[in-house]
Structure formats: C-alpha cells, structure tokens
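Dear colleague,

I am handing over the structure below for your files.

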Amino acid sequence: MSIKTNRRTFLQSAGAFAGAIALGGFGTAVGADLRKSPNGKALAGVFPIGWTPCTPDNKLDLNAMVAQQKFLNRGKVAGIAWPQNASAWQTLSAQEWHDGADALLSVKGRSAVVLGVQSTGFDLAKSVDYAKYAGAHGADAIISLTPPGASDDDII
C-alpha cells in the first residue's frame, strides 16, 4: 500500500495538528520545555529580524526603533533579533549599535530582545564588548553571524 500526499492532504493534516495545539491537545508537551531568558521571557517562537530605520538625513531613527518594539509587544510576537542581515548591521557605527540596543531595551513588555553581536570586520574584541553590553543592559539573549568562509573547523 502506498501513501500519496498531495497539497490538500498535507494542508488538512497540518491544520488538524495546529488546531490540536491551539486547543491545548499538546499543551503540556509543547510548553513543558520552554526556554526562558534571565528576564523570564520566552525564547521560543517567531523572532523577526529588526529593521534599522533612518531619518531623511541618514541618522538612526530611535523613535522608530522604539515603535517597532512596541508593535511586536502589541502583536504578542516572541521577540526581535537586531541587528542582523536585514538590519544593515555592517553600516552601523559602535555608537549607533549602542543607541539602537538601548532604544529596543527601553521598551517594556513580553517580547524578548536578542542583540546581534557581530561587528564590522568580525572583530572578536568588539563582539565581546557588544555581548558584555547586551548582558549588562538587560538583553534577553545574543546572536551572532559567522564570518564569511568560516567552517566547523574554525569553532573553538
């Protein structure tokens, strides 16, 4: 007997599974191992890459960064990861990184803030400084892009 799956069958099965989760059918199994940050925020779910907004004169728009985080809180999104590829992290000065991090961390709510600690040129000392700053100022977690061309052999 062969099992054939088409798009309709797949969508019906996926919908039934999602419905069971929503109704609590898998609640204890799914929620039992939920990881939390030191701040008590869930580190599971959707974490969109944050946008790095700029004013017309090409300055970092901190008010828009705050509004972005407030929007995620209102939408009950798990958190934000900033800066990453879609955030133009390569163009940020150290001061802009700190200012953007502070803007996101100033917003109180349930959405976690995960700060990207990679630096232009992949300067390890600067990344360590960013990570220490993130920890000292209340980030829920850190993330980092790997340097171009890095392999598993480069991991220490």
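Does Phe122 count as buried, exposed or partly exposed? At 26% relative accessibility, Phe122 counts as partly exposed, because buried means under 20% relative accessible area, exposed over 50%, and partly exposed in between, with a 1.4 Å probe and protein chains only. I return to Phe122 below.

This is a predicted model, in which local features need pLDDT of at least 70 and side-chain atom pairs count only at pLDDT 80 or more, while totals for chains, interfaces and linings use all residues. Residues are numbered from 1 along each chain as its sequence is written, and side-chain values use heavy atoms, with hydrogens and water left out.

Overall arrangement

The protein chain has 5 helices and 3 strands. Both are DSSP runs numbered from the N terminus, helices being H or I of at least four residues and strands E of at least two. Along the sequence their pattern is α-α-α-β-α-β-α-β. Of the 156 residues in the protein chain, 29% are buried. Among contacts between residues at least 6 apart in sequence, 71% join residues at least 24 apart, where contact means heavy atoms within 4.5 Å.

The sheet

The 3 strands form an open sheet in the order S1-S2-S3, with parallel pairing; two strands pair if DSSP finds at least two bridges between them. Strands of a sheet pair through backbone hydrogen bonds, either parallel or antiparallel. Strand S1 (79-82) and strand S3 (141-143) are the edge strands, each pairing on one side only. On average, neighbouring strands of this sheet are turned by 25 degrees against each other, direction ignored. S1 is joined to strand S2 (residues 112-116) by 4 bridges, and Ile80 has Val113 as its bridge partner in S2. Helix H3 (residues 62-74) packs on the sheet and touches S1 and S2, its direction making about 145 degrees with that of S1. Axes here are lines fitted to C-alpha atoms, for helices over the stretch in contact, and angles run from 0 to 180 degrees between N-to-C directions.

The core and its aromatic residues

The largest nonpolar core has 20 residues. Such a core is a set of buried Ala, Val, Leu, Ile, Met, Phe, Trp, Tyr and Cys residues joined through side-chain atoms within 4.5 Å. Those with the most contacts inside this core are Met65, Trp82, Trp97, Leu104, Val113 and Leu115. H3, S1, H4, S2 and H5 each give two or more residues to this core, and the largest share, 5 residues, comes from H4.

A search of the whole structure finds 3 aromatic pairs. Rings of Phe, Tyr and Trp (its six-membered ring) pair if their centres lie within 6.5 Å; planes under 30 degrees apart count as stacked, over 60 as edge-to-face and the rest as tilted. Trp97 and Tyr130 form a stacked pair, at 4.0 Å centre to centre and with 10 degrees between the planes. This pair links distant parts of the chain, with Trp97 in helix H4 (residues 94-105) and Tyr130 in helix H5 (residues 124-136), 33 residues apart. The rings of Trp97 and Tyr133 have their centres 5.9 Å apart and their planes at 70 degrees, so this pair is edge-to-face. Tyr133 is also in helix H5, 36 residues from Trp97. Trp97 and Tyr130 are buried, as is Tyr133. Trp97, Tyr130 and Tyr133 form one aromatic cluster.

A buried lysine

Lys41 lies in the loop between helix H2 (27-31) and H3. Lys41 counts as buried because its relative accessible area is 17%. A polar atom of the Lys41 side chain lies 3.4 Å from the backbone oxygen of Ser111. Leaving out residues up to four places away in sequence, Lys41 touches Arg35, Lys36, Gly109, Arg110, Ser111, Ala112 and Asp140.

Backbone details

Most residues other than glycine have a negative phi, and most peptide bonds are trans. A cis peptide bond joins Trp82 and Pro83, with omega about -15 degrees; Pro83 is in the loop between S1 and H4. Asn58, although not a glycine, has a positive phi of about 65 degrees. Asn58 lies in the loop between H2 and H3 and is exposed, with a relative accessible area of 60%. Phe122 is not a glycine either, and has a positive phi of about 50 degrees; its place is in the loop between S2 and H5.

With kind regards

Definitions and conventions: Polar contact = N/O pair within 3.5 Å; in protein donor to acceptor, adjacent residues only side chain to side chain.
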